[in-house]
Amino acid sequence: MPKLSKERLLDRFVRAVEIAGWSVGVIGTPSHPFTLYLYREHDAFNVLLYIWNITHGGRHRPHDEYRVQVTGVPSIEQHPEYKTLILGYWEAQDVFAGWDATFHSGPSSFSPSLQIREQYLLAAVNNNFAVCPKDQGELAIAFSPSFLVTYCRNLEGLHGAGTLPQEVNALTRIAEQGTIDEVDLAPLPAPRQRIVRTIEQNYREASFRRRILTAYSQACAMCNMQLKLVDAAHIIPVYDPQSNDETSNGICLCALHHRAMDRVLIAIAPDYRIIINEVEIERLNLEGLGEGTDLFKANLAKIIRTPPEKIQRPNPDYLQIALQVRGWPF
Ligand SMILES: [Zn+2]
């Protein structure tokens, strides 16, 4: 498989950011390393992105060793306002790997080749991410595109877990089971427990979003809109203790219909019919805020479009609970 150019590698990075519902801005002119900012509504951070193709280590190296060859840069830099990302991308399996910049920054510790074992790259294809222990407490992290933003947000926390074997175990449990319990966390110091809990929460968000967007082919269940304008919405809202991250408690909605459902302008009946809150629309009309009502109604289907797999479709019990939780008036 031919190596990807730097522009193509940047494109893979941008696509992965967008899968998570975030956007990418370029600071200055795009040249390697790339200076970028990642943003979503009220969140933003800057990254300095080094990225190379992941290739096999070569015939004189172990058969399961993969690596990036650090070329074209005099050294790896770190700046206080940027998260430094040292990434590899393996086109064959659509998977990334990240190495810890604190181990590889500057000319003195400069290493021309950074390795990762195949088993971790393959585990990340199925589990979203995999934690690969290396020497002296260093961790490399393999991850799928849908986990990339979670990786960036928790960069220091993930790579910083390498000195405690129990923390490596806790992260591995998140990757393999999607959750951890108090027994896994108990051996860790309190600050590290909070870091692992945040990673778990971000992981679950990313996993939920990936499952929902895949099940609905990234199209709004109410109007069929795609255009990367869709969200993974919870049917029972997350603030309610009855909510969960099952696929059958999720639905893919465009930004407009997600907001309209949260505003209780529309809802979904347990038989999947879309119902409109005429009382609220009447109230808005009386306030002089009813402009767009006809267009809004015309663009709504009568019934939501559901995934082909029955197990992925909204659970009618959850739809009923959601009506009560949201105080649906009828
Ligand atoms: Zn829509």
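**Notebook: loops, sheets and domains**

I began with Leu227, which is exposed, having 10 other C-beta atoms within 10 Å. For burial I counted C-beta atoms placed from the backbone: a residue is buried if 20 or more others lie within 10 Å of its own, exposed if 12 or fewer, and partly exposed in between. The model is a predicted one, in which local features need pLDDT of at least 70 and side-chain atom pairs count only at pLDDT 80 or more, while totals for chains, interfaces and linings use all residues. My residue numbers start from 1 along each chain, as its sequence is written.

**Entry 1: backbone exceptions**

I noted for Leu227 a positive phi, near 55°, in a residue other than glycine, and I placed Leu227 in the loop between α8 and β11. Helices (H or I, at least four residues) and strands (E, at least two) are DSSP runs that I number from the N terminus. In the loop between α8 (190-215) and β11 I also found Asn224, whose phi is positive as well, near 75°. Asn224 is partly exposed, with 13 other C-beta atoms within 10 Å. I then turned to His32 and Pro33, which are joined by a cis peptide bond with omega about 0°; Pro33 sits in the loop between β1 (23-26) and β2 (34-40). I logged these because most residues other than glycine have a negative phi, and most peptide bonds are trans.

**Entry 2: the seven-stranded sheet**

I traced an open sheet of 7 strands with mixed pairing, in the order β1-β2-β3-β6-β7-β10-β9; I take two strands as paired if DSSP finds at least two bridges between them. Its edge strands are β1 and β9 (129-133), each pairing on one side only. With direction ignored, neighbouring strands here are turned by 35° against each other on average. Within the sheet I looked at β7 (residues 95-99) and β10 (residues 139-143), which run antiparallel and are joined by 3 bridges, with Phe96 having Phe143 in β10 as its bridge partner.

**Entry 3: the three-stranded sheet**

I found another open sheet, of 3 antiparallel strands in the order β4-β5-β8. The edges are held by β4 (55-56) and β8 (113-117), each with a single partner strand, so one side of each is left without a neighbour in the sheet. Between β4 and β5 (residues 65-69) I read antiparallel pairing over 2 bridges, and His56 stands opposite Tyr66 in β5. Helix α3 (residues 118-127) packs on this sheet, touching β5 and β8, and its direction makes about 65° with that of β8. For contact I required the C-beta atoms of two residues, placed from the backbone, to lie within 7 Å.

**Entry 4: burial by element**

Is strand β11 enclosed or open? I found 4 of its 5 residues (230-234) buried, so β11 is largely enclosed by the rest of the structure. With strand β12 (residues 250-254), β11 pairs in the antiparallel sense over 5 bridges, and His234 stands opposite Gly250 in β12. Helix α10 (residues 278-286), by contrast, is hardly covered, with 0 buried residues among its 9. Just after α10 I noted Gly288 with a positive phi of about 80°.

**Entry 5: domains and the whole chain**

I took domain 1 as 6-209 and domain 2 as 230-325 from the domain assignment of the protein, bounds that come from an automatic or database assignment. Their C-alpha centres lie 35 Å apart, and the contact takes 4 residues from domain 1 and 4 residues from domain 2. I sorted the side of domain 1 that touches domain 2 into 1 nonpolar, 1 polar and 2 charged residues, counting Ala, Val, Leu, Ile, Met, Phe, Trp, Tyr, Cys and Pro as nonpolar, Asp, Glu, Lys and Arg as charged, and the others, Gly among them, as polar.

For the protein as a whole I recorded 12 helices and 14 strands, with C-alpha atoms that fill a box of roughly 70 × 50 × 35 Å along the principal axes. Of the 330 residues, 34% count as buried. Among contacts with a separation of 6 or more, I found that 58% come from residues 24 or more positions apart.

Terms used
Axes fitted to C-alpha atoms, helices over the stretch in contact; angles between N-to-C directions.
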